[in-house]
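Please read them with the structure open.

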Amino acid sequence: MTDLVERVRARLAVEGGTPTAARVAAALREEGGGLRGDVEVLEVLRALQLEISGAGPLAPLLADPLVTDVLVNGPGQVWVDRGSGLEAVAVRFADDAAVRRLAVRLVAPTGRRLDDAQPWVDARLSDGVRLHAVLPPVATGGTCLSLRVPRRRAFTLPELVDTGTVPPAGAALLERLVASRQAFLVSGGTGTGKTTLLSALLSLVDHQHRVLLVEDAGELLPDHPHVVRLEARPPNVEGAGEVTLRDLVRNALRMRPDRLVVGEVRGAEVVDLLAALNTGHEGGCGTVHANSAVDVPARLEALASAAGLGREALHSQLASAIRVVVHLARGRHRRVGQVCVLRREGDLVAAVPAWSWDGGSDPWHSSGFDELEGLL
């Protein structure tokens, strides 16, 4: 089978053009002299189409509505995340060359470069899937692919309650948070569901409000009638044409936003976001990677320092810009683990726990709960 695929691929490469089903079938009949019968031809045709176009053997995994991540660790290991942690699947590639061909083919339409001189790439595919690929010898065990699959639709807050992500009491509190127009951040580690939760919360925003989304890659899908999307753009092969999140935040402020949303705060754009939230733009929000809610001020401090904003200035801005942090934890299931209020303590801002949940028992209140109630 592998030899036949190679011969058909070589023939199609020489002929050029798009490998349509008709062309693949014709090349297959020319090269596969030993094949007999339509059933056998169709079986091999399907295998060839997966190999030559689209996402290859990963296509069924990417089409699965439960899959959020597909990870390829060389030709012999493919893992998926369906919301309950990583699990191995039976998909295999013939060899590392097949994984590399798939990576190069997926990246090609994005205008990015992936070869021995540039052995890694981060790109967004036409269907919204985020792809990161690393080639050997940087990836010592073989070509590695990491594909993040966007949600096809936004989950509602009641659905997140049903799945155990949010307790009923927590849902009521989050609804009040959105209605209060307090600025907040959703924090958590990779794959904890920050974007999913933020989409659900943005769906609760007053339908008369204009929601302006600024994202590195479009992932937020709020069910809201007035959403404007701005998306960053990486530099092209020549290193020109880059549009950064910081550029987009500055432009968004001139577009009359009622809610300014930064999909993921991870760089210098934190300076412009804090400035915006300190100049009358209420209800702004976003997500940030952090190990816990209490770590969020330190995380923002690190991001701001890279943009030239000192520690004292950052905490001064933060004290009046963002009031609440909603933290997502991940054990057996993704869940809202804690809600904190940001409180100024001396020259610094600290995240004070107000509400916590371990996923099993009822949520419990902490020292910052009365302050949270006052904000809402």
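1. Burial. Buried here means under 20% relative accessible area, exposed over 50%, and partly exposed in between, with a 1.4 Å probe and protein chains only. By that rule Cys 285 is buried, at a relative accessible area of 3%. Cys 340 also counts as buried, with 0% relative accessibility.

2. Basis of the note. This is a predicted model, in which local features need pLDDT of at least 70 and side-chain atom pairs count only at pLDDT 80 or more, while totals for chains, interfaces and linings use all residues. Residues are numbered from 1 along each chain as its sequence is written, and side-chain values use heavy atoms, with hydrogens and water left out.

3. Overall content. The chain has 13 helices and 15 strands; helices (H or I, at least four residues) and strands (E, at least two) are DSSP runs numbered from the N terminus. Of its 376 residues, 47% count as buried. Contact means heavy atoms within 4.5 Å. Among contacts between residues at least 6 apart in sequence, 51% join residues at least 24 apart.

4. The structure holds zero disulfides, a disulfide being a pair of cysteine sulfur atoms within 2.5 Å.

5. Two strands are taken to pair if DSSP finds at least two bridges between them. Axes are lines fitted to C-alpha atoms, for helices over the stretch in contact, and angles run from 0 to 180 degrees between N-to-C directions.

6. E1 and E6. Strand E1 (residues 69–73) is joined to strand E6 (residues 144–148) by five bridges, and the two run antiparallel. Within this pairing, Val 70 has Leu 147 in E6 as its bridge partner.

7. Thr 68. Where does Thr 68 lie? Thr 68 is in the loop between helix H4 (59–63) and E1, and at 6% relative accessibility it counts as buried. Leaving out residues up to four places away in sequence, Thr 68 touches Asp 81, Leu 147, Arg 148, Val 149, Arg 151 and Arg 334. Thr 68 and Arg 82 are 14 residues apart in sequence, with their C-alpha atoms 5.9 Å apart.

8. E11 and its partners. Strand E11 (residues 285–289) is mostly covered, with four of its five residues buried. Strand E7 (residues 184–188) pairs with E11 in the parallel sense over five bridges, and Leu 185 has Gly 286 in E11 as its bridge partner. Strand E10 (residues 259–262) also pairs with E11 in the parallel sense, over two bridges. Here Val 261 stands opposite Cys 285 in E11.

9. H11 and H12. How are these two helices set against each other? The axes of helix H11 (residues 296–306) and helix H12 (residues 311–321) come within 10 Å and cross at roughly 125 degrees. The pair is therefore oblique; angles under 35 degrees count as roughly parallel, over 145 as roughly antiparallel, 65 to 115 as roughly perpendicular and the rest as oblique. Pro 297, Leu 300, Glu 301 and Ala 304 in H11 meet Arg 311, Leu 314, His 315 and Leu 318 in H12.
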